[in-house]
Amino acid sequence: MEPSDAQAACFEAGIKFGSLYHQFAGTPVSPDSADSLARAIEESIENQPHCEAVTVEILTEELERALADGPADYTELTGRFLDVEIRVAYEGHTVRTRMEMEDGYPLMRLVDVGG
């Protein structure tokens, strides 16, 4: 059975999230570099097929809290510091997805499927 176009659009969104998270997790980040890293992540993922838009916010207040007790002025990027939204369009269907922390874990979920 062939997947529907809406299912294929959802699959494409999942691919974008998988590459975003696993490509950038572990990247050194500080409050000073957070904005430029967020833009680099957005531009990188937007290169992928069917990707209409990526919005990445690196939570600098959370970064600052994590760094307050540590010996360095940077840490590694993890899901706890990210708020991400991705919009994918495929064959007339638009999928909006989001990644946010829930109970200490970065969850990626479908927000809506249109078309």
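Q: How far apart are the mean positions of the positive and negative charges in the protein chain?
A: In this predicted model, the mean positions of the 8 positive and 23 negative charges of the protein chain are 3 Å apart.

Q: And what about the surface, how much is there and what share belongs to carbon and sulfur atoms?
A: The accessible surface of the protein chain comes to about 6700 Å², and carbon and sulfur atoms account for 47% of that surface. As for the interior, 34% of the 115 residues count as buried.

Q: OK, how many helices and strands, and in what pattern along the sequence?
A: The protein chain has 3 helices and 6 strands, and reading along the sequence gives the pattern α-β-α-β-α-β-β-β-β. Along the principal axes, the C-alpha atoms fill a box of roughly 55 × 30 × 20 Å.

Q: What share of the contacts comes from residues 24 or more positions apart?
A: Among contacts with a separation of 6 or more, residues 24 or more positions apart account for 55%.

Q: Switching to annotation, which residues does UniProt list for "binding site"?
A: The UniProt entry, which is unreviewed, lists Glu12 and Met108 under "binding site". These positions are spread over 97 residues of sequence yet cluster in space, with a largest C-alpha distance of 13.2 Å.

Q: Take Glu12 then, is it buried or exposed?
A: Glutamate 12 has a relative accessible area of 18%, so it counts as buried, the cut-off being under 20%. This residue is found in helix α1, and, leaving aside neighbours within four places in sequence, glutamate 12 is in contact with Pro49, His50 and Val88.

Q: Where does Met108 sit, and what does it touch?
A: Methionine 108 has its place in strand β6, which covers residues 105–114, and, not counting residues up to four places away in sequence, it touches Phe17, Tyr21, Arg98 and Met99. At 36% relative accessibility, methionine 108 counts as partly exposed.

Q: Why does alanine 13 count as buried?
A: Because its relative accessibility is 1%, alanine 13 counts as buried, the cut-off for that label being under 20%.

Q: How far is alanine 13 from isoleucine 41?
A: Their C-alpha atoms are separated by 15 Å, and the two residues are 28 residues apart along the chain.

Q: New topic: how many disulfides does the count come to?
A: The count comes to 0 disulfides. Cysteine 10 is in no disulfide, and the nearest cysteine sulfur, that of cysteine 51, is 14 Å away.

Q: What about backbone angles, which residues have a positive phi although they are not glycine?
A: Histidine 50 has a positive phi of about 70°, and glutamate 91 has a positive phi of about 50°. For background, most residues other than glycine have a negative phi.

Q: Where are histidine 50 and glutamate 91 placed?
A: Histidine 50 is in the loop between α2 (34–46) and β2 (51–58), and glutamate 91 lies in the loop between β4 (82–90) and β5 (93–102). Histidine 50 counts as partly exposed at 34% relative accessibility, while glutamate 91 is exposed, with a relative accessible area of 56%.

Q: Last one, which residues does UniProt list for the domain?
A: The unreviewed UniProt entry lists residues 5–110 as "domain: Dihydroneopterin aldolase MtpD C-terminal". In the model, that span is 40% helix and 35% strand, and its end C-alpha atoms lie 15 Å apart.

Notes:
Residues are numbered from 1 along each chain as its sequence is written. This is a predicted model: local features need pLDDT of at least 70, side-chain atom pairs count only at pLDDT 80 or more; totals for chains, interfaces and linings use all residues. Side-chain values use heavy atoms; hydrogens and water are left out. Buried means under 20% relative accessible area, exposed over 50%, partly exposed in between (1.4 Å probe, protein chains only). UniProt positions are given in the numbering used here, feature names are shortened, and annotations may be inferred rather than shown by experiment. Helices (H or I, at least four residues) and strands (E, at least two) are DSSP runs, numbered from the N terminus. Contact means heavy atoms within 4.5 Å. Accessible areas come from the Shrake-Rupley method with a 1.4 Å probe; for residues, only the protein chains shown count as cover. Lys and Arg count as positive and Asp and Glu as negative; His and the chain ends are not counted. The place of a charge is taken as NZ of Lys, CZ of Arg, CG of Asp or CD of Glu. A disulfide is a pair of cysteine sulfur atoms within 2.5 Å.
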